[in-house]
Amino acid sequence: MSKQQRMQGQPMIILGEDSQRMKDKDAQSHNISAARAVAESVRSTLGPKGMDKMLVSSMGDVTVTNDGVTILQEMDIDNPTASMIVEVAETQEDEAGDGTTTAVAVAGELLKNAEDLLEQDIHPTAIIKGFHQASEKAREEIDDIAVEVDPEDIDLLRKVAETSMTGKGAELNKELLSQLIVDAVEAVTVEAEDGSTVVDLEYVNVETQTGRSAGESELLHGAVIDKDPVQDSMPTDLEDANVLLVDEPIEIEETDVDAELQLDSPDQLQAFLDSEEEELREKVDAIAASGADVVFCQKGIDDMAQHFLAKEGILAARRVKKSDIKFLREVTGANIVSDLEAVTSADLGTATISRDDADELFYVEGTGDAHGVTLLLRGSTEHVVDELERGVGDALDVVGSTVSDGRVLAGGGAVEVELASRLREYADSVEGREQLAVEAFADSLELIPRVLAENSGLDAIDTLVDLRSAHADGDQYAGLNVFTGETVDTYDAGVVEPAHAKEQALSSATEAANLVLKIDDIIAAGDLSTEGEEEEGGPGGGMGGMGGGMGGMGGMGGMM
Ligand code: ADP
Ligand code: MG
């Protein structure tokens, strides 16, 4: 210790004993490898011929999926840089609903190409700036390439839904499902006062049921409630019924959990029981007086109250999910009542109720102005319906975004190759080293057709050469037919994607890549690697840990 340090009574070491630090090139290559490993782990799922992954959680739960964001969320990633890439997928899922694999794969490729530039001693800030410029330019060009569509063009919307579902579990029934999806979106599309089209997917409820085939999925105008009536003697089919929604228990209100009852005689017990009965009686009377024919209660219903309700001829279901109660509000137009003493007929909504005894489901079809539809997805097992639900969820989002945004692009790599060629042209006008970054961005976009080809067992280079020459000849919709390997006009072939999702995918991929590139110093409290036993020493040790973590995934990829 130096004299000065002793004088201050403090050592100059500012980091804890276990902390690790990595700087400059080491930090960059550490981060880039982690991010690329994540991107590579989802690549094999891209496109119609992409494979699925089986993910087994630490609890032993199994998920079989092709959905990029689901894979990454289930993968239990605890490397901080890798987590930043997972966020790209999550942002994409929130903003666009589809295109998560694309966003992550492009982010990984941007970083791979950035690494080459770093090796040529190009400063990260020049790369970041170039990527940013290229991304802005790509957005402009997407707007130019996009085809304006009529939001009422059902055929086109079905194609958008089908493109989104290809390669997913939902694909096997894509004709039926795409029709249901388009119908669902149309049912919740309204024209706003300013003349714009608004799609409110909040009004589309997706329910799943196992035991029947996916081909028996259906769209219901209203809600589907998976509950039994509390008493068998209650009516189950009611036309134009008055519906009451309650989120308080129809039970005795217990003032104090630990309240003790002091009883000195049997009379007192009887009096007490009578008063309880009286309280329940009053609640049921209030319900009956409001004119309700049906009660959906979010909480419990006391046995005695059930009996009174049945005697009044009122249908009741208890412990209905909160989300279902909320959706029933949209379907029936009822208020959600929290205080039965104050209930009036104005709180009621209307609906026609019917019961499917085989399925043990109530169908609640709204009869008033309120709207809301339920897409009831069926499948043989839980795994099947779960993957169906993810595929259909994505397709609902992209059809919704096509209706509200009205712009689509040709898929199968067509838009990426066109953008790459336009960006290379643009690069000529960019000064300085940023020009190289713009070119690297263009190269990165071509990853999509290359991976689509690879995943289909085709030669990636041949495919890219063919596509580039078609685009050079002015065929801006030339993309890959993954089934034949031929270059086709994918727009005509019906492989169409919403422009909004692609814009979002490119901008979130760019932002993530730039975020990673900006880091030149990693200071970790504790070991940089979080699992596995690693080799001794500094950055190498950290990377070893990373390799170990990712190795697990690689192994999983290999299994499939
Ligand atoms: P993401 O998570 O990015 O949506 P997907 O696995 O859904 O990943 O694959 C999307 C890609 O597959 C898009 O580039 C799309 O154009 C392409 N694609 C979808 N259907 C076809 C098809 N029939 N032929 C060629 N490419 C297709
Ligand atoms: Mg998709």
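So, the largest cavity: its lining is made up of R36, A39, E40, R43, A105, G108, E109, K112 and L447. Two elements give two or more residues to that lining, namely α2 (24–43) and α5. If you sort the lining by class, you get 5 charged residues, 3 nonpolar and 1 polar. And how big is the largest cavity in volume? About 50 Å³. When you look for cavities of 30 Å³ or more, the structure holds 1. Keep in mind, by the way, that we're looking at a predicted model.

Okay, on to ligand 1. The space it takes is the largest pocket. Around ligand 1 there are 21 residues, and the closest are D98, T101, T102, G412 and E497. Which element gives the largest share of that shell? It's α5, with 3 residues. By class, the shell has 11 polar residues, 7 nonpolar and 3 charged.

Now let's zoom in on some atoms. D98 puts a polar side-chain atom 2.8 Å from an oxygen atom of ligand 1. With G47, a polar backbone atom is 2.9 Å from an oxygen atom of the ligand. T100 also uses its backbone: an N or O atom there lies 3.3 Å from an oxygen atom of ligand 1. And how much of ligand 1 does the protein bury? Taken alone, ligand 1 exposes 570 Å², and 94% of that is buried by the protein.

That's my tour, thanks!

Methods. Residues are numbered from 1 along each chain as its sequence is written. Chains are lettered from A and ligands numbered from 1 in the order in which they are written. This is a predicted model: local features need pLDDT of at least 70, side-chain atom pairs count only at pLDDT 80 or more; totals for chains, interfaces and linings use all residues. Side-chain values use heavy atoms; hydrogens and water are left out. A residue is near a molecule or strand if one of its heavy atoms lies within 4 Å of it. A polar contact is a pair of N or O atoms within 3.5 Å; within protein, one must be able to donate a hydrogen and the other to accept it, and residues adjacent in sequence count only if both atoms are side-chain atoms. Accessible areas come from the Shrake-Rupley method with a 1.4 Å probe; for residues, only the protein chains shown count as cover. On a 1 Å grid over the protein atoms alone, a cavity is a set of points where a 1.4 Å probe fits but cannot get out, and a pocket is an open set with protein on both sides within 12 Å along at least five of seven lines; lining residues have an atom within 4 Å of a point. A molecule sits in a cavity or pocket if more than half of its atoms lie within 2 Å of its grid points. Helices (H or I, at least four residues) and strands (E, at least two) are DSSP runs, numbered from the N terminus. Ala, Val, Leu, Ile, Met, Phe, Trp, Tyr, Cys and Pro count as nonpolar, Asp, Glu, Lys and Arg as charged, and the others, Gly among them, as polar. Grid points are joined across faces, edges and corners, and a volume is the space filled by probe spheres set on the points.
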